[in-house]
Amino acid sequence: MAGNLKDLPQIQAVLNHPSIAALAERYSHAETVSALRKITGTLRTALLAQGPIELPDFASPAFAAKVADKIEAARAPSLRPVINATGIIIHTNLGRARMAPQAVRAMQAAGAAPSNLELDLATGKRGSRHAHVEKLICDLTGADAAVVVNNCAAAVLLSLMATAGGRSVVASRGELIEIGGSFRLPDVIAQSGATLREVGTTNKTRLGDYEDAIDDNTAVLLKSHTSNFRIVGFTSSPARSDLARLAADRNVILIEDLGSGVLIDLSPYGLTDEPVVADILKAGVDLVMFSGDKLLGGPQAGIIAGRRDIIASLKSHPLMRALRIDKLSLAALEATLRLYSAPFDPVSEIPVLRMLAEPVADVHHRATLLADALSGIGIKGVAVEKSAALVGGGSLPEQDLPSFAVAVRLPALSPDQLMAALRHSDMPVIGRIERAHVMLDMRTVSDGELPLIVTALERISGS
Ligand SMILES: *Cc1c(COP(=O)(O)O)cnc(C)c1O
């Protein structure tokens, strides 16, 4: 029977029905009330808009089941897996690097059972959490010593606090970067207790500029990788080895904030701008820092590698405790670093590297598979199109990776509406809009995710 506004019951009255009272018992009173408010609110809106409508039997088990569904939905995890079809491999908003299964298993093991995190199994004495990865990092970078903290921002902060607190840091104007909206190098230098001495200009800084700026109060020359932009045209900056010689002559420390930091040469895959950590240390830089979850392809972490005496002072710094890496990330980082040595090939084991190295023909094949599957369920207007993927994560901003995307357009939905519907799928799919189509870039999607995309679009196009 069609009901009217006056037939909408009070929440308290509904709570008195035994099946609803049982829900309040099983979940909580507050969640049950909240779910009831949502349901009656929707009904009220419909009644106001349309006049009399069919109302549920508020005392029935079927209605109680509906309320239970609402409560369960509200309890669903907030942080959930999604499908990255943006074509940006290291997507900051989507959690950056997807990790190798070996790293995920290591996290699981470290979380599920006690570990020797800070116990030396050989002696039975207290050990250092840093010991689990230090030798691996040194072997892979040629560094004398290394230490790992929570992320690269923490690595920069700690390094500057330990080496330059109360003294001055000389940095080129062209390298005073901001990353991710909140990490501004001049602010970080200030927070470390050091004073920034800017040298050079936006596009050109010469060795002599650094030389002139060094005085008795100077502790550090800071280089940073301009990872999320490029200044093109007339530019110059001194060679790293010249800066290193200057720093050594004047007894100051040369630090380089690399951001992404790669351990292997990526030029065979067309990526030529990203310096390899080992080469930077070889050029004479005293301390480098880079992220664990950018091109390294591991968990969030900040790796600091370089001179033994400086690393020792970082390890014993009072703030180390506040910035240290947690055991799950440490486990994943160790497992990821192990994939960089034989018998493993990092480019086939580490998802970030595999995605950027994947031959474009294979990406095209994946796009064809998806397009065929979508046509197979009756979705028209699907096309495979050339696309340009990006490394992301502030790395290599200029260098596109050739890719292919599936362009989708549904007659009933605007591109924005289709993007929203994809985000609301059981497995949210994140694409991008180009030329009035939703583009699903296949360089960042795995084969195993294709059926989930098909299911999502089948539901959307059928409803
Ligand atoms: C990304 C980046 C950072 C910050 O690294 P997080 O691991 O996100 O803290 C610092 N410096 C540079 C140059 C970067 O690219």
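Is F63 buried or exposed? F63 is buried, with a relative accessible area of 2%. The model shown in these views is predicted.

**View 1. An aromatic pair formed by F58 and F63**. The model holds 1 aromatic pair. The ring centres of F58 and F63 lie 5.0 Å apart. Their planes meet at 75°, so the pair is edge-to-face; over 60 degrees counts as edge-to-face. F58 has 9% relative accessibility and counts as buried. F63 is buried too, at 2%.

**View 2. Helix α14, residues 327-338**. This helix has 12 residues. At 1.5 Å a residue, α14 should span 16 Å. Its end C-alpha atoms are 17 Å apart, which agrees with that expectation.

**View 3. The buried residues of α14 and their cover**. Buried in α14 are S329, L330, A331, A332, L333, A335, T336 and L337. Two helices, α5 (101-112) and α6 (131-141), are among the elements that cover these residues. The cover also includes the strands β5 (145-149) and β13 (302-306).

**View 4. H130 in the loop between α5 and α6**. H130 counts as buried, because its relative accessibility is 11% and the cut-off for buried is under 20%. Leaving aside residues up to four places away in sequence, H130 touches V147, V148, K315 and M320.

Note on methods. Residues are numbered from 1 along each chain as its sequence is written. This is a predicted model: local features need pLDDT of at least 70, side-chain atom pairs count only at pLDDT 80 or more; totals for chains, interfaces and linings use all residues. Side-chain values use heavy atoms; hydrogens and water are left out. Rings of Phe, Tyr and Trp (its six-membered ring) pair if their centres lie within 6.5 Å; planes under 30 degrees apart count as stacked, over 60 as edge-to-face and the rest as tilted. Buried means under 20% relative accessible area, exposed over 50%, partly exposed in between (1.4 Å probe, protein chains only). Helices (H or I, at least four residues) and strands (E, at least two) are DSSP runs, numbered from the N terminus. The expected span of a helix is 1.5 Å times one less than its number of residues. Contact means heavy atoms within 4.5 Å.
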